[in-house]
Amino acid sequence: MGDPRPPLSTDQIAALVELSRHGQIRAAAGVLGITEQGLRNRLLTLEQRLGVELYRKRRGPRRASVLTEQGRRFLPHAISFLERAE
């Protein structure tokens, strides 16, 4: 049987990279020209594929980074993935 997890896509990776750049779902969605829910869906699918939480979903006081530790560790790989895809 094949891998039951959804495949990685450049759209999902771009969602994470833009979220890291802008620090907000709304801003990242605007840059990508999609809805906030569309961005969240891409990120959730990426998290399911990787099996880790990549960003903080709760609202609250501003933090240094919206990304979790796993998200920050994955970010260089995400950027490299996008560069290779271009």
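1. The bend at a residue is the angle between axes fitted to the seven residues ending there and the seven starting there. In α4, a kink of about 40 degrees lies at L75, shortly before the proline P76. Helices are DSSP runs of H or I, at least four residues, numbered from the N terminus.

2. This is a predicted model: local features need pLDDT of at least 70, side-chain atom pairs count only at pLDDT 80 or more, and totals for chains, interfaces and linings use all residues. Residues are numbered from 1 along each chain as its sequence is written, and side-chain values use heavy atoms, with hydrogens and water left out.

3. Helix α4 spans residues 69–85. Its buried residues (under 20% relative accessible area, 1.4 Å probe, protein chains only; exposed is over 50%, partly exposed in between) are G71, F74, L75, A78 and L82. They pack against α1 (10–22) and α3 (36–50); contact means heavy atoms within 4.5 Å.

4. The structure holds eight salt bridges, each a side-chain nitrogen of Lys or Arg within 4 Å of a carboxyl oxygen of Asp or Glu. One of them joins D11 and R42 at 3.9 Å, N to O. This pair links distant parts of the chain, with D11 in helix α1 and R42 in helix α3, 31 residues apart.

5. R21 and E18 also meet in a salt bridge, at 2.9 Å, N to O. They are three residues apart in helix α1, so about one helical turn separates them. R21 is exposed at 56%; E18 is buried at 12%.

6. R26, E36 and R40 are linked in a network of salt bridges.

Notes: Helix = DSSP H or I, 4+ residues; strand = E, 2+ residues; numbered from the N terminus. Expected span 1.5 Å × (residues − 1).
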